[in-house]
Amino acid sequence: RHAVAPGIIGGQGAVAPGGSVQLTLYWQALTRPSADYHTFAHVYDRAGQVAAQDDGVTGGIQPTTWWFPRQVFTETRTIAVPATAPADVPATIWIGLYRVDSGARLPVTRDGKPQGDAIRLP
């Protein structure tokens with residue numbers, strides 16, 4: 001069972017080099033997290049390479065070990081795409097959580113089935 005569950009508001013389309021993608025994530029603890037997590041948000045180019053990313057404290061400024069079940073945290077991430085990125089980078093975003101102390105990613109499940117270690121936004 002996951003320590004946290006995301007709710008996501010995202011968008012579709014492409015982003016030009018030098019542009020940015022903004023997304024809002026809503027996190028809710030299902031149980032009290034036993035580790036501190038950071039969120040990663042990666043934008044991939046058509047070749048499957050990370051074109052841009054934004055990592056940071058999950059849910060804003062409060063470490064996840066301070067969260068209580070049913071508490072909801074909101075974070076807004078702005079992912080700046082470098083001016084050197086390929087033209088029309090698709091706004092395909094993968095998000096996930098990783099442990100601050102080890103870098104290990106939190107596994108993702110959907111309906112009890114393993115989905116890897118990240119969620120793809122449409």
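Among contacts in the protein chain (heavy atoms within 4.5 Å) between residues at least 6 apart in sequence, 69% join residues at least 24 apart. The model is predicted: local features need pLDDT of at least 70, side-chain atom pairs count only at pLDDT 80 or more, and totals for chains, interfaces and linings use all residues. Residues are numbered from 1 along each chain as its sequence is written, and side-chain values use heavy atoms, with hydrogens and water left out.

**The chain as a whole**

- The protein chain has eleven strands and zero helices; strands (E, at least two residues) and helices (H or I, at least four) are DSSP runs, numbered from the N terminus.
- Along the sequence, the pattern reads β-β-β-β-β-β-β-β-β-β-β.
- Of the 122 residues in the protein chain, 38% are buried; buried means under 20% relative accessible area, exposed means over 50%, and partly exposed lies in between, with a 1.4 Å probe and protein chains only.
- The accessible surface of the chain is about 6800 Å², and carbon and sulfur atoms account for 52% of that surface. Such areas come from the Shrake-Rupley method with a 1.4 Å probe, and for residues only the protein chains shown count as cover.

**A sheet of four strands**

- Four strands make an open sheet in the order β5-β4-β8-β11, with antiparallel pairing; two strands pair if DSSP finds at least two bridges between them.
- β5 and β11 (119-121) are at the edges with a single partner strand each, so one side of each has no neighbour in the sheet.
- On average, neighbouring strands of this sheet are turned by 25° against each other, direction ignored. The axes behind this angle are lines fitted to C-alpha atoms, for helices over the stretch in contact, and angles run from 0 to 180 degrees between N-to-C directions.
- In a regular strand the side chains alternate between the two faces of the sheet.

**Strand β4 and its partners**

- Strand β4 covers residues 37-44, and six of its eight residues are buried.
- β4 and β8 run antiparallel and are joined by seven bridges; His 42 has Trp 94 in β8 as its bridge partner.
- Seven bridges also join β4 to the antiparallel strand β5 (residues 50-57), where Asp 55 is the bridge partner of Phe 40.
- The hairpin of β4 and β5 has five residues between the strands, and Gly 48 in the turn has a positive phi of about 85°.

**Strand β8 and Ile 95**

- Ile 95 belongs to strand β8 (residues 93-99) and is buried, with a relative accessible area of 1%.
- Ile 95 and Ala 41 are 54 residues apart along the chain, yet their C-alpha atoms are separated by 4.5 Å.
- β8 also pairs with β11, in the antiparallel sense, over three bridges; Ile 93 stands opposite Leu 121 in β11.

**Rings and charges**

- The structure holds two aromatic pairs. Rings of Phe, Tyr and Trp (its six-membered ring) pair if their centres lie within 6.5 Å; planes under 30 degrees apart count as stacked, over 60 as edge-to-face and the rest as tilted.
- In the pair of Trp 67 and Phe 73, the ring centres are 4.2 Å apart and the planes are at 15°, so the pair is stacked. Both Trp 67 and Phe 73 are buried.
- Arg 105 has its charged end over the ring of Phe 40, 3.9 Å from the ring centre. A charge sits over a ring if NZ of Lys or CZ of Arg is within 6 Å of the ring centre and within 35 degrees of the ring normal.
- Arg 32 lies over the face of Phe 68, at 4.2 Å from the ring centre.
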